[in-house]
Amino acid sequence: MDTLTPTPAPADHFLPRTDAPSADLAVATRGLMKRYGRQVALTGLDMSVPTGKVYGFLGPNGSGKTTALRLLTGLLRPNAGTISLFGTPYTWHDRTRLFRVGSLIETPSFYPYLSGAENLDVLSASGPPTDKRRIDQVLEYVGMSGRAKSPIQTYSLGMKQRLGIAAAMLSDPDLLLLDEPANGLDPGGMVAMRETLRYFTGELGKTVVISSHLLHEVEMLADVVGIIDHGRLIREGPLHELLEAAGRVRVRVAPEDMTKAAGVLREFAPDRPLYGVDSGDQAGWFTVGVAPARAAEINRALAGAGIYAAGLEPGSDLESIFLELTGRTGVVGATAAAAPAPSVEPGPPPMGPA
Amino acid sequence: MRLIRAELLKARRRTMTWVLLVVALVLTGVIYLLIGRAIGGVSCALGGVLRGDQGTCIVEFPAAYGLIDQFAFSTLGGLLAIVFAAAFVGADWNWGVLRNVIARGESRARYLLGKAAGVAIVLAIGAALIFFFALLMTYITAFANGVPVASPLRGNGLTDMLANLLLGYLVVLERAALGFAVAVLLRSQLAGAVVGIVLYLGEGIVTTFLTLTAFGRMFGRGGDFGSGLQLIGPEWFQYLPMTVGNQVLSSAPGVSGNLASGGIEGLFLKPVPLEQALPALLIYLFVAVIASVVALNRQEVI
């Protein structure tokens, strides 16, 4: 019986991409490298963000997400590689190209003694010409109109975060780069942010890159996902395809039926490992690598073989994919076969097709 | 213009601006009150000339500008200008707001020059306020001690006043530019202010030491002191960044020698002529601003 092991990324993901960035891409990086002294933060990032989509940029702590965003916003200089914004090359000195970009990098940063509105006012003096009326508009977007005149030092983390998002949207950019935008937001704030970003992409046709460790949040928002680890993109693609490809169904049978059931279940995904637990409290659970929609089909096949499922849990989520790919804590099957298979909660349906 | 307007808003709303102004005014007031207690009506410590057989002092202008310039521009004003400029620009790193500006596509050079212009405008207002407050304190102290004061507008009074104000402002501006550059290079308001103050005080100590050394050297060569103490120099160290400001002030109308610095070099050294001191001061000013711009253009902002 197979044990649970991390699924390696296809080998071709580790080869440098040579295709030219197309105009349909809001952001494209090719072979992007960045070192801080002897420490290598990015080891050749090939990232493609389609225009008009929400791109979920995921990775463990220290994987290079923030470094990548800093490179995209001209805060850092790459050691190698290229960046394209909206189909044309972008370098450190092409500052005006950033007029189309709004960003919130790491923590929201403001003058603590100025009010929220004043901070946006002084910020609007830099970069692209910005209509003063836009300040009230973005404050309203993020639900901060009521506290606009209070000094920042009286704001909670969530309020600063909202203001950070407002600041990023100040110049009505075509591309929003948001680094952990949900940090400190209460549930209401997260829903509001989600709606605002959906409006931003869905209605206005703009592009959002959202880096977050809140995988559930990204799963609810993103159309396309890129997963980065050790400074390199290890998986990228439309979220629904990713979920489908990494889909799984958990099925429980009587422990004495496991060998027979394994023969039936292996037929469903001959190319993917079949995970099972043959002892302990979780004995009898299988994890089959098939699309969740095929759960009923599995049940029928088992019944046809005279095996009756005691439990059936269809579904897959970004979290399990992320953990499998990055091999971090909670790694699926880091222990032997006796370890319980991960509980796979059915997540909300992915957003529209990419 | 919109960048300068934004910088002025930041300066106006920041408590530090007002604290430094109040500190400058209070210390100026205290110094004049202490002088007032000491003079007892017969000294010319406020700046003036001895008139009459009884040696009565009349405070006259431009002579009184010596003391005013010393506090408003050289010692107190110069030091506070360094602290203000360093804290004003360095805070952008400490609060992380610089990355917002750069990520919006703003030119680093334009942003820094806008900030420098904002500092220059605030310092112009601050220097003028301290200058006129010191002028007022001259009157108050003199009257309190029964010392008559001549009008500062008599004769070439207005020209003298403006010349003192302008030269003093340039000195303050140069010192602020040095604090500004240090803060940009160190990317910190606290480090900028502390290093700026250390440089200011350190140069004062070094200059005093070198002055005494130069004088001792001359004394050792058997200089002719028969007809009284002879001034020597100018010496190379009078062109150092902080000291050269005092040399500029020494040329202001009414300021005797280079005593405006409050240091001992005025006792032993000839002041550097204005036609040399002023270009040197302006070179330091521009080099400091250009160095700041070059440094920021090369910096990675984290």
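Student: Which residues of α10(A) are buried?
Tutor: This is a predicted model, so keep that in mind. In α10(A), the buried residues are A:Leu318, A:Ser320, A:Ile321, A:Phe322, A:Leu323, A:Glu324, A:Leu325 and A:Thr326.

Student: Why is helix α10 of chain A largely enclosed?
Tutor: The helix covers residues 318–326, and eight of its nine residues are buried, so the rest of the structure largely encloses it.

Student: What do those buried residues pack against?
Tutor: Elements of chain A. Two are helices, α6 (215–221) and α7 (239–245). The others are β3 (54–58), β9 (224–229) and β10 (232–238).

Student: β9(A) and β10(A), then. In which sense do they pair?
Tutor: Antiparallel, over six bridges. A:Val224 sits opposite A:Pro238 of β10(A).

Student: How many residues lie between the strands in that hairpin?
Tutor: Two. A:His230 in this hairpin has a positive phi, near 50 degrees.

Student: New topic. Over how many bridges do strands β1 and β2 of chain A pair?
Tutor: Nine, in the antiparallel sense. β1 spans residues 25–36 and β2 spans residues 39–50. These two strands also make a hairpin, with two residues between them. In its turn, A:Gly37 has a positive phi of about 65 degrees.

Student: Which strand does β1(A) join by five bridges?
Tutor: Strand β4 of chain A, residues 80–85. That pair runs antiparallel.

Student: What stands opposite A:Thr29 in β4(A)?
Tutor: A:Ile83. Over in β2(A), A:Thr29 faces A:Met47.

Student: Let's zoom out. How many helices and strands does chain A have?
Tutor: 10 helices and 14 strands.

Student: And what share of its residues count as buried?
Tutor: 48% of the 354 residues of chain A.

Student: What about contacts between residues at least 6 apart in sequence?
Tutor: Within chain A, 73% of those join residues at least 24 apart.

Student: Last topic, chain B. How many residues of chain A are in contact with it?
Tutor: 28, and they meet 24 residues of chain B.

Student: Which helix gives the largest share of chain A's side?
Tutor: Helix α2 of chain A, residues 116–124, with three residues.

Student: How does that side of chain A split by class?
Tutor: It has 15 nonpolar residues, nine polar and four charged.

Terms used: Residues numbered from 1 in each chain as written. Chains lettered and ligands numbered in written order. Predicted model: local features only at pLDDT ≥ 70, side-chain atom pairs only at ≥ 80, totals over all residues. Contact = placed C-beta atoms within 7 Å. Helix = DSSP H or I, 4+ residues; strand = E, 2+ residues; numbered from the N terminus. Nonpolar A, V, L, I, M, F, W, Y, C, P; charged D, E, K, R; others polar. Buried ≥ 20, exposed ≤ 12 C-beta atoms within 10 Å, placed from the backbone. Pairing = 2+ DSSP bridges.
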